[in-house]
Amino acid sequence: MFGLQVNSFEFKNFFVQRIGKSTFVWRMVEFLQGVSFSIDYWLYYKTNLIKSKSSITEINIEFVSYCNLRCTLCSLDHDKPKIRMSEETLKHFFEDFISDPHFRSVKTIHLYNAGEVLLHPRLEAMLDIVKLYKQKAKEKGIFFPQIALLTNAIVLNEKNSTTIINSGVLDYIRFSMDGGSKEMFEVMRERAKWDVFVKNITHFCELNNNSARKIPTGIITLVEYKNKLNTKWMSEEFKKLLSMVDGYELRYAHNWGGEVEIEELKNKKKKTYKVGCSLLMHQLVLLPNGDITVCCADLNSKGVIGNVLNESLRTIYNKPQRKDMLKKFMQGKKKEIDLCKDCETF
Ligand SMILES: C[S@@+](CC[C@H](N)C(=O)[O-])C[C@H]1O[C@@H](n2cnc3c(N)ncnc32)[C@H](O)[C@@H]1O
Ligand code: SF4
Ligand code: SF4
C-alpha cells in the first residue's frame, strides 16, 4: 500500500490472501523468510560486513500506553500503568536518532504501537516535534523516514482531524476497522460505536480531500478466520467506508507473542524450530517512558532491552539480550526465548 516498506504482517497477509494457508507455496514463503533472516544475520551481526547502518527499517513510537477500546483480539493489558510520553522524551529520542547515521536504515516511523495515539493530550505539540526533526533532517540533507499513524478513530473529532491535517507531518494515516459489518465491528472493537466511527472517518476524509496537502489514507480490517480475505461477503455500509480510503489491508488475527488465545491457531502445530523473525531483525519500539522493546507484537513491554533516556539507541540496538535472541532464532532455538516461544505473529 502507498508503495511502502512491507512489514512481515503485510508480507504474510499478501500471500495468505492470494494462495490460502497450508499450501506448499506457503511453506516455501516461510522458508524464504528464514533465508532472508539468515542473510541479514550474516551481513549485520555475524560478519559485520554491513557496518555503516543498522538492520532496523522501522521504529514504532507509542505516545500513550492506554486505550479507550477493549478489542477482543488485542493483547493490551488494560491494568498496566497508564503512561504518556513527554515532549522531552520524544525530543531526546529524535536528537539521538537523527545524529546517528547508523539509523538512516529506518524507512518508516509508525506513530502507534499499543494504546491509542489520539488520546495523547498534547497531540499537536508531539506532532510539531516530529515535524521539527523532519525539517532539521531536510536542512542537513539527511534522509528522514516516512511518518505513519494508525488510530481506532473513535476520538478522531474535529479538533484532532484538523491538528493532524494541518501538521503536515504524516506521510500516511490508517484507521482500524475490524469485522466486515456494523455488528461485527461493534463486537470485535468492544466499546466502539459504528456510527461514531463512520461519522469521524467521513468527516476526516472530507477535510483531508479538501486540504492542500492530502494525506494518503488506509484501513486495516481484521476478519474472522471463517471469512475469506476479500470484501465479497462484507456489508454494503462496510464496503462503502473501505472505498472512501486510498487502500486497505485485510488480515487474520495473530496471537500477539502468545498473549491472546486465537481459537483457530490453538490446534496448529507450534513452529518452535522456525528460523528467524523479521520483526526482531528490523524493528524497535519506543515506549512512552523511553524504554525500547524489541518488536510491536510485545504490546505489554515484556521485551524491554534499554531506555533512550539513559543510553543511546545504538547501544540499545547492540544489547547482548537482543543479539542473543537473534542468535537463538538463527539456530532454530525459538523455544528458548521466553518472549517468543509461543509467538505465531511473524
Ligand atoms: C494494537 S492496534 C494499535 C493502534 C490502535 N489502537 C488501533 O487499534 O488502531 C494495531 C492494529 O492491530 C490490529 N489487531 C488487533 N488485534 C489483532 C490480532 N490479534 N491480530 C492482528 N491484528 C490485530 C488492530 O485491528 C489494529 O489495526
Ligand atoms: S487494537 Fe487498538 S483500539 Fe483495540 S484495544 Fe488494542 S490498542 Fe485499543
Ligand atoms: S515476540 Fe518474538 S517472535 Fe514474536 S514478533 Fe516479537 S520478536 Fe518476533
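1. Strand 1 and strand 2 (residues 108-110) run parallel to each other and are joined by three bridges, where strands are DSSP E runs of at least two residues, helices are H or I runs of at least four, both are numbered from the N terminus, and two strands pair if DSSP finds at least two bridges between them. Within this pairing Ile 59 has Ile 109 of strand 2 as its bridge partner. Strand 1, helix 3 (residues 87-99) and strand 2 form a right-handed β-α-β unit; right-handed here means that, with the strands pointing away from the viewer, the path from the first strand over the helix to the second runs clockwise.

2. A word on the basis of these remarks: this is a predicted model, in which local features need pLDDT of at least 70 and side-chain atom pairs count only at pLDDT 80 or more, while totals for chains, interfaces and linings use all residues. Residues are numbered from 1 along each chain as its sequence is written, and chains are lettered from A and ligands numbered from 1 in the order in which they are written.

3. Strand 1 (residues 58-61) also pairs with strand 7 (residues 283-286), again in the parallel sense, over four bridges, and Asn 60 stands opposite Val 285 there.

4. For the chain as a whole, the secondary structure amounts to twelve helices and nine strands. The radius of gyration, taken over C-alpha atoms, is 20 Å, which agrees with the value near 20 Å for a compact globule of 346 residues, the rule being 2.2 Å times the number of residues to the power 0.38. The C-alpha atoms fill a box of roughly 55 × 50 × 40 Å along the principal axes, and buried residues make up 38% of the 346 residues.

5. Strand 5 (217-222) and strand 6 (residues 247-251) pair in the parallel sense over five bridges, with Thr 221 standing opposite Leu 250 in strand 6.

6. Ligand 1 is surrounded by 19 residues, the closest being Leu 73, Asn 152, Ser 176, Ile 220 and Ala 253, where a residue counts as near if its C-beta atom, placed from the backbone, lies within 6 Å of the molecule. The elements that give two or more residues to this shell are strand 3 (146-151) and strand 5.

7. The shell around ligand 2 includes Cys 67, Cys 71, Cys 74 and Asn 152. Of the 13 residues around ligand 3, Gly 257, Cys 277, Cys 295, Cys 340 and Cys 343 come nearest.

8. Leu 156 lies in the loop between strand 3 and helix 5 (158-167), and is buried because 21 other C-beta atoms lie within 10 Å. Leaving aside residues up to four places away in sequence, Leu 156 touches Leu 118, Thr 151, Ser 161, Asn 200 and Phe 204, contact meaning that the C-beta atoms, placed from the backbone, lie within 7 Å. The C-alpha atoms of Leu 156 and Phe 204 are separated by 7.7 Å, although these residues are 48 apart along the chain.

How values were computed: A residue is buried if 20 or more other C-beta atoms lie within 10 Å of its own, exposed if 12 or fewer, and partly exposed in between; C-beta atoms are placed from the backbone. Two residues are in contact if their C-beta atoms, placed from the backbone, lie within 7 Å.
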